[in-house]
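Biologist: Could you walk me through how some of the helices here are built and packed?

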Amino acid sequence: MGEKSNFPEVWGLGLGLFLALYAGFLNHITPKEPALDNHSGFESTLLGLEMAETPKQVQDLIGIPDTIDFFHLSTEYRRVHYFDFGFIFCYLAFLTYTGHYAGRKVRPIFLKIFMGMILLLVIAGFADLIENILILNILDAKTAEEMTPSLEYLKPTSQLKWFCLFSYVAIVSVYFWLYEKGWILRSAALLFFTGFFLQVFSIIRTNLLELSFPFFALGMVCSWFHYGFSLAFSSFSKKT
């Protein structure tokens with residue numbers, strides 16, 4: 001009686017590991033080279049597809065319909081985005097877990113804005129779902145004219161998704177900086193804030209979005225290491 005359960009920490013540990021494996025799998029099956037060229041200075045073909053604005057940018061990435069390049073690349077991108085539907089729920093769950101733990105030391109204050117933070121995640125997840133549907137529509141299009149209706153909404157939807165995700169972790173980083181003393185979460189706060197500002201300025205210079213991802217990913221790793229790995233094993237050690 002009275003023994004504290006370590007389930008939340010173990011859940012965070014397992015969820016973080018699963019998310020990392022899932023992300024690695026998606027990266028593995030994503031085409032690394034465009035059919036002809038990428039646009040806006042992007043190295044990532046997937047990000048280039050998300051931020052495409054014209055049929056030419058899409059065709060430079062996946063090829064012209066009825067060609068061998070188009071058949072193979074469109075099939076690979078289609079598979080990536082089918083799996084991405086599941087990935088959406090995984091990263092939303094992990095970010096929710098991280099945000100919940102971030103405010104545990106100032107719970108009365110934190111709960112007043114946590115619902116707003118959850119709303120950011122809901123919007124991001126919904127935008128990601130719409131983004132995937134738009135990309136699948138583009139991959140099914142046979143002509144430039146058929147791509148145009150989906151391309152009108154693709155880039156704004158992707159920008160909304162990333163803005164909401166980076167805004168969420170920027171808010172979390174405030175709690176890391178103000179209420180956590182360890183260097184791991186302080187580092188995560190700096191990484192998240194840097195990524196957030198790069199994402200904001202990517203509205204002006206699009207390829208800055210790609211530069212923001214390493215900061216986001218490293219911030220996630222630091223968060224997982226503390227809230228998942230460290231807390232889970234410290235909880236186990238106290239019971240043994």
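This is a predicted model: local features need pLDDT of at least 70, side-chain atom pairs count only at pLDDT 80 or more; totals for chains, interfaces and linings use all residues.

Modeller: Residues are numbered from 1 along each chain as its sequence is written, and side-chain values use heavy atoms, with hydrogens and water left out.

Biologist: Where does H6 bend?

Modeller: Helix H6 covers residues 144–179; helices are DSSP runs (H or I, at least four residues) numbered from the N terminus. H6 reaches 52 Å from its first C-alpha to its last, close to the 52 Å expected (1.5 Å times one less than its number of residues). Comparing axes fitted to the seven residues ending at a position and the seven starting there, the bend of about 40 degrees falls at Ser150.

Biologist: Are H4 and H6 roughly parallel or antiparallel?

Modeller: Their axes, lines fitted to C-alpha atoms over the stretch in contact, with angles from 0 to 180 degrees between N-to-C directions, come within 9 Å and cross at roughly 25 degrees. Angles under 35 degrees count as roughly parallel and those over 145 as roughly antiparallel. That makes H4 and H6 roughly parallel.

Biologist: How do H6 and H7 run relative to each other, roughly parallel or antiparallel?

Modeller: Helix H7 (residues 183–201) packs on H6 at about 150 degrees, with the axes 8 Å apart. The pair is therefore roughly antiparallel.

Biologist: How many nonpolar residues are in the contact of H6 with H7?

Modeller: Contact means heavy atoms within 4.5 Å, and the residues involved include Trp162 and Phe166 of H6 and Leu190 and Phe193 of H7. Five are polar and one is charged, while the nonpolar residues number 15.

How values were computed: Helices (H or I, at least four residues) and strands (E, at least two) are DSSP runs, numbered from the N terminus. Angles under 35 degrees count as roughly parallel, over 145 as roughly antiparallel, 65 to 115 as roughly perpendicular and the rest as oblique. Ala, Val, Leu, Ile, Met, Phe, Trp, Tyr, Cys and Pro count as nonpolar, Asp, Glu, Lys and Arg as charged, and the others, Gly among them, as polar.
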